Amino acid sequence: QVQLVESGGGLVQAGGSLRLSCAASARAFSVYAMGWFRQAPGKEREFVAAIIWGGGSTVYADSVKGRFTISRDTAKNTVYLRMNSLKPEDTAVYSCAAKISGGYVTTPPAYRYWGQGTQVTVSS
């Protein structure tokens, strides 16, 4: 199965930036899309961004559009999430996910494999 490991989380002041990384391990890596989701205490896990692996098309949640950028390195089987102009509302555990089959990329149930998550805390 695909194993995903996130890194790059931490504590940052409002207005600052962080870059999250998600490394995928598989003997033969092949996915339809990779996505980033986040979950804050007391809230449902929500979609942040996704990238279609084959074509590189990206999708963003309205709350992060213009501030976050998702990208991929196919040679390294790695997906990144560059987060700029961070707000306290961005505080959450950020998880990377891999979707094998085609279709919707904005909902958690659509993804088969998940990383353990990395904490992002934005102070005011």
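This is a predicted model: local features need pLDDT of at least 70, side-chain atom pairs count only at pLDDT 80 or more; totals for chains, interfaces and linings use all residues.

**Labels and their grounds**

Serine 85 lies in the loop between S8 and strand S9 (92-99).

Q: Why is serine 85 called partly exposed?
A: Serine 85 has a relative accessible area of 41%, and since partly exposed covers the range between the buried limit of 20% and the exposed limit of 50%, the value falls in that class. Its backbone also deserves a note, because serine 85 has a positive phi of about 50° although it is not a glycine.

Q: Where does asparagine 77 lie, and what is its phi?
A: Asparagine 77 is placed in the loop between strand S7 (68-73) and strand S8 (78-83). Although asparagine 77 is not a glycine, its phi is positive, at about 50°.

Q: What makes the pair of phenylalanine 37 and phenylalanine 47 one of the aromatic pairs, and how is its geometry classed?
A: The count of aromatic pairs comes to four. For phenylalanine 37 and phenylalanine 47 the ring centres are 5.7 Å apart and the planes stand at 70°; a pair needs centres within 6.5 Å, and planes over 60 degrees apart count as edge-to-face, so this pair is edge-to-face.

Q: Which parts of the chain does that pair tie together?
A: Phenylalanine 37 belongs to strand S4 (residues 33-39) and phenylalanine 47 to strand S5 (residues 46-52), so the pair ties together parts that are 10 residues apart in sequence.

Q: Are phenylalanine 37 and phenylalanine 47 buried or exposed?
A: Phenylalanine 37 has a relative accessible area of 0% and phenylalanine 47 has 11%; because buried means under 20%, phenylalanine 37 counts as buried, and so does phenylalanine 47.

Q: What makes glutamine 13 exposed, and what does it touch?
A: Glutamine 13, found in strand S2 (residues 10-13), has a relative accessible area of 56%, and because exposed means over 50%, that label applies to glutamine 13. Leaving aside residues up to four places away in sequence, glutamine 13 touches Val122 and Ser123. The C-alpha atoms of glutamine 13 and valine 59, which are 46 residues apart along the chain, are separated by 26 Å.

Q: How do you know that the radius of gyration agrees with a compact globule?
A: For 124 residues a compact globule would have a radius of gyration near 14 Å, and the chain has 13 Å, which agrees. The C-alpha trace spans about 45 × 25 × 25 Å along its principal axes, and 45% of the residues count as buried.

Q: How many helices and strands are in the chain?
A: The chain holds zero helices and 11 strands.

Note on methods. Residues are numbered from 1 along each chain as its sequence is written. Side-chain values use heavy atoms; hydrogens and water are left out. Helices (H or I, at least four residues) and strands (E, at least two) are DSSP runs, numbered from the N terminus. The radius of gyration is taken over C-alpha atoms; the globule rule is 2.2 Å times the number of residues to the power 0.38. Buried means under 20% relative accessible area, exposed over 50%, partly exposed in between (1.4 Å probe, protein chains only). Rings of Phe, Tyr and Trp (its six-membered ring) pair if their centres lie within 6.5 Å; planes under 30 degrees apart count as stacked, over 60 as edge-to-face and the rest as tilted. Contact means heavy atoms within 4.5 Å.
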